[in-house]
Amino acid sequence: MKQESLLKKAVREKFGQILIVGIIGAILFVAYDVMFVRPSYLVDSKVMINSQNAVGEVEVETTKTLAKSRTILTELKNTLGLRDNLNQLSDKIELSDDKSSLVTIYVEDTVVQRAKDIADQLADILAKEAGQSGLDISVAEYSVTPTKFESPKIVRDALIGFGLGLVVGLIIALIRQSGDDLLRSDSPIEELGVNIIGDIPYIEKGSVIIDE
């Protein structure tokens, strides 16, 4: 009960300060995104696994494995003249996680045209090299230029910063409140069964008392 009372008291008396710290947290997160995070763009191309019979899980998984194989990535890197090593290139590429015969190639990069080139070229290479793995793959759809960047997510980060700021502000308020033993009313003393016969007003240092 004492901790709950302290929490309620801290929120009631320091609410404005807690809110200010939350706003500062949001501003700091947004400022970091704007000043230090390079926007990245997400594009996608699609390839179709063709088969006279129903496409099974094996064909889908084989296609995904082939897309990120060293052979395919090396050809992709050399064709586009990319400076990334194979691991860095692989990290930019994600494949749809469903079992559909329509496989989506997602590419995220800080340069939108480079992202498009990687996605489209990878789709072309897959369609060309699939026969060696016993697959029949064709390009179903090339990527389009995105209208906005994928990250940073400024609104989300602002909310996270605001939330963390509120937590920090609340912790500071609790620490300050727990160390504040000044009695601002008669209630705490009266709860102990002690009668109040008088009080002395609290006067800020430097204040002047005028006796009328």
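1. Ile27 counts as exposed because its relative accessibility is 53%. The scale behind that word is simple: buried means under 20% relative accessible area, exposed over 50%, and partly exposed in between, with a 1.4 Å probe and protein chains only. Ile27 also belongs to a nonpolar surface patch of about 500 Å², together with Leu7, Val11, Phe15, Leu19 and Ile23. Such patches take residues with over 30% relative accessible area and no salt bridge, joining nonpolar side chains (Val, Leu, Ile, Met, Phe, Trp, Tyr) within 5 Å and like charges within 9 Å.

2. Before going further, a word on what you are looking at. This is a predicted model, in which local features need pLDDT of at least 70 and side-chain atom pairs count only at pLDDT 80 or more, while totals for chains, interfaces and linings use all residues. Residues are numbered from 1 along each chain as its sequence is written, and side-chain values use heavy atoms, with hydrogens and water left out.

3. Now the overall plan. The protein chain has 7 helices and 4 strands, and from the N terminus on they run α-β-α-α-α-β-β-α-β-α-α. Of its 212 residues, 28% are buried. The chain exposes about 14500 Å², with carbon and sulfur atoms supplying 57% of that area; accessible areas come from the Shrake-Rupley method with a 1.4 Å probe, and for residues only the protein chains shown count as cover. Among contacts (heavy atoms within 4.5 Å) with a separation of 6 or more, 73% are between residues 24 or more positions apart.

4. The largest nonpolar core has 27 residues, and Leu76, Ile93, Ile105 and Val107 touch the most other members. A nonpolar core is a set of buried Ala, Val, Leu, Ile, Met, Phe, Trp, Tyr and Cys residues joined through side-chain atoms within 4.5 Å. Two or more residues each come from β1, α2 (57-67), α3 (70-80), α4 (86-91), β2 (93-95), β3 (102-109) and α5 (112-129), and α5 gives the most, with 7 residues. What does Ile105 touch, leaving aside its neighbours within four places in sequence? Its contacts include Val43, Val47, Ile93, Leu95, Ala119, Leu122 and Leu126.

5. Not counting residues up to four places away in sequence, Ile72 touches Leu66, Ala67, Leu122, Ile125 and Glu129. Ile72 and Glu129 are 57 residues apart in sequence, yet their C-alpha atoms are 8.2 Å apart in space.

6. Is Ser40 buried or exposed? Ser40 counts as buried, because its relative accessibility is 7%, although it lies in the loop between α1 (2-36) and β1 (41-50). Its side chain makes a polar contact of 2.6 Å with the side chain of Glu108. A polar contact is a pair of N or O atoms within 3.5 Å; within protein, one must be able to donate a hydrogen and the other to accept it, and residues adjacent in sequence count only if both atoms are side-chain atoms. Beyond four places in sequence, Ser40 touches Glu108, Asp109, Thr110, Phe149, Glu150 and Ser151.

7. Most peptide bonds are trans. Ser151 and Pro152, however, are joined by a cis peptide bond, with omega about 5°. Pro152 lies in the loop between β4 (136-141) and α6 (154-178).

8. Finally, the charged pairs. The whole structure holds 12 salt bridges, each a side-chain nitrogen of Lys or Arg within 4 Å of a carboxyl oxygen of Asp or Glu. Glu57 pairs with Lys99, the closest N and O atoms being 3.7 Å apart. This pair links distant parts of the chain, 42 residues apart: Glu57 in helix α2 and Lys99 in the loop between β2 and β3. Another bridge joins the side chains of Lys153 and Glu150 (3.3 Å, N to O). Salt bridges that share partners also join Asp84, Lys92, Asp109 and Arg114 into one network.
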